[in-house]
Structure formats: structure tokens, C-alpha cells
Amino acid sequence: MYKTKIDLSEKVRRNVVVILNDRLADAIDLQSQIKQAHWNVKGPHFIALHELFDKISAVILDQVDEIAERITSLGGTAEGTVAVAAKRSKLKNYPLSITSGKDHLFYLSTQVAAFGKAVRAGIDDTDELGDKDTADLFTGISRDLDKYLWFLEAHLQDKV
Ligand SMILES: [Fe+2]
């Protein structure tokens with residue numbers, strides 16, 4: 001950890017940085033998975049899905065940057081290489097063989113939901129650790145993930 005005049009103890013910062021680095025890895029992994037879908041989706045809704053996936057990928061890339069810069073704001077080291085993300089990410093591997101829009105929507109919505117669940121847990125965890133700003137960051141990210149989960153699922157949803 002680096003020295004900083006921020007009014008949060010080193011212990012709080014250290015614990016929060018661990019959570020942030022875990023979610024950073026997930027976000028980097030997820031962003032690459034969405035690009036994978038953007039590049040490989042095929043079928044009658046190609047252009048709509050190709051463009052939607054690119055938009056969501058850009059949203060996640062912004063989240064990567066915000067998470068990483070919160071880590072450095074706290075005096076931590078953002079561990080944001082692809083190699084580290086691949087090892088640390090809690091997300092499942094994205095299947096490389098799928099092509100149809102429906103399959104990509106199913107897998108992407110599953111991954112966005114899994115990341116969303118971990119981020120939502122991070123809201124309470126970082127709040128309890130005493131860092132309301134990171135909790136607020138996670139809250140904003142979580143709200144965006146809920147929205148883009150809807151964008152993906154709306155293609156697949158039926159009433160229960
Ligand atoms: Fe592209």
C-alpha cells in the first residue's frame with residue numbers, strides 16, 4: 001500500500017482493495033467475453049446484437065477503469081492485466097463454439113448476472129468495512145449492470 005493523506009485507515013483501505021481487485025478481474029474477463037460475442041454472433045438479428053454487445057462492452061470497460069482508479073485512489077495497486085484477470089476472475093469461461101444470437105444472449109446474461117451478484121455483495125461488504133465511497137461506486141456499477149441485464153434478457157423473456 002502507498003502512503004496517502006486520505007482519511008481512511010490503512011487496514012480499511014487494504015481490505016477494500018482486495019475486494020476491488022477481485023471485481024476488477026471479473027470486469028476485465030466480462031468485457032472480453034462481451035467482445036467475443038460482439039465478434040462472433042450470427043443470425044437474423046446480427047447487426048442489432050453486434051451493436052448492443054459493443055455498447056455493453058464499452059460500459060464494462062468504463063467500469064474497469066473506475067474500479068482500477070478507486071484502487072489507486074486508496075493507495076493500492078490495481079492488478080489489471082489480462083493474465084491476472086484470467087486467474088482471478090470468478091466468472092465461468094465463455095463458450096467459444098456458440099454462434100446464434102439466442103445462445104450469446106443466454107450466456108452473456110448469465111455472466112452479467114453473476115458479475116452483478118458479486119458487485120451487489122461488494123456494496124454491503126465495503127460499507128461494513130467503512131468505505132462508503134467504494135460502496136457507492138459499486139452501487140452505481142450494480143445499477144448499470146441491472147439495466148444491461150434487462151437489455152439482454154428482454155430478447156429472451158416470457159412471463160412466468
Ligand atoms: Fe467492433
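Mentor: A nonpolar core is a set of buried Ala, Val, Leu, Ile, Met, Phe, Trp, Tyr and Cys residues joined through side-chain atoms within 4.5 Å. The model discussed here is predicted.

Trainee: Which residues of the largest nonpolar core touch the most other members?

Mentor: The largest nonpolar core holds 43 residues. Those that touch the most other members are Leu20, Phe53, Phe115 and Leu152.

Trainee: Which helix gives the most to this core?

Mentor: At least two residues of the core come from each of α1 (10-40), α2 (46-73), α4 and α5. The helix that gives the most, with 12 residues, is α1.

Trainee: How far does helix α4 reach from its first C-alpha to its last?

Mentor: Helix α4 covers residues 101-129, which is 29 residues. At 1.5 Å a residue, a span of 42 Å is expected. The computed reach is close to that value, at 41 Å.

Trainee: Which residue just after α4 takes a positive phi?

Mentor: The phi in question is about 105°. The residue that takes this positive phi just after α4 is Gly130.

Trainee: Are α4 and α5 roughly parallel or roughly antiparallel?

Mentor: Helix α5 spans residues 132-153, and its axis lies 8 Å from that of α4. The two helices pack at an angle of about 160°. Because angles over 145 degrees count as roughly antiparallel, the arrangement of α4 and α5 is roughly antiparallel.

Trainee: Is the crossing of α4 and α5 left-handed or right-handed, and how many residues of their contact are nonpolar?

Mentor: The crossing of these two helices, α4 and α5, is left-handed. The residues of their contact include seven polar and five charged ones. The number of nonpolar residues in the contact of α4 with α5 is 13.

Trainee: Is Val112 buried or exposed?

Mentor: Val112 is found in helix α4, and its C-alpha is separated by 15 Å from that of Pro95, 17 residues apart along the chain. The relative accessible area of Val112 is 3%. Because buried means under 20%, Val112 is buried.

Trainee: Does Gln111 count as buried or exposed?

Mentor: Gln111 also has its place in helix α4. Its C-alpha lies 34 Å from that of Ser9, 102 residues apart in sequence. With a relative accessibility of 5%, Gln111 counts as buried.

Trainee: Does Glu128 count as buried or exposed?

Mentor: Glu128 is found in helix α4, and Ala48, 80 residues apart from Glu128 in sequence, is 41 Å away in space, C-alpha to C-alpha. The relative accessibility of Glu128 is 67%. Since exposed means over 50%, Glu128 counts as exposed.

How values were computed: Residues are numbered from 1 along each chain as its sequence is written. This is a predicted model: local features need pLDDT of at least 70, side-chain atom pairs count only at pLDDT 80 or more; totals for chains, interfaces and linings use all residues. Side-chain values use heavy atoms; hydrogens and water are left out. Helices (H or I, at least four residues) and strands (E, at least two) are DSSP runs, numbered from the N terminus. The expected span of a helix is 1.5 Å times one less than its number of residues. Axes are lines fitted to C-alpha atoms, for helices over the stretch in contact, and angles run from 0 to 180 degrees between N-to-C directions. Angles under 35 degrees count as roughly parallel, over 145 as roughly antiparallel, 65 to 115 as roughly perpendicular and the rest as oblique. A crossing is left-handed if the near helix is turned anticlockwise from the far one by less than a right angle, and right-handed if clockwise. Ala, Val, Leu, Ile, Met, Phe, Trp, Tyr, Cys and Pro count as nonpolar, Asp, Glu, Lys and Arg as charged, and the others, Gly among them, as polar. Buried means under 20% relative accessible area, exposed over 50%, partly exposed in between (1.4 Å probe, protein chains only).
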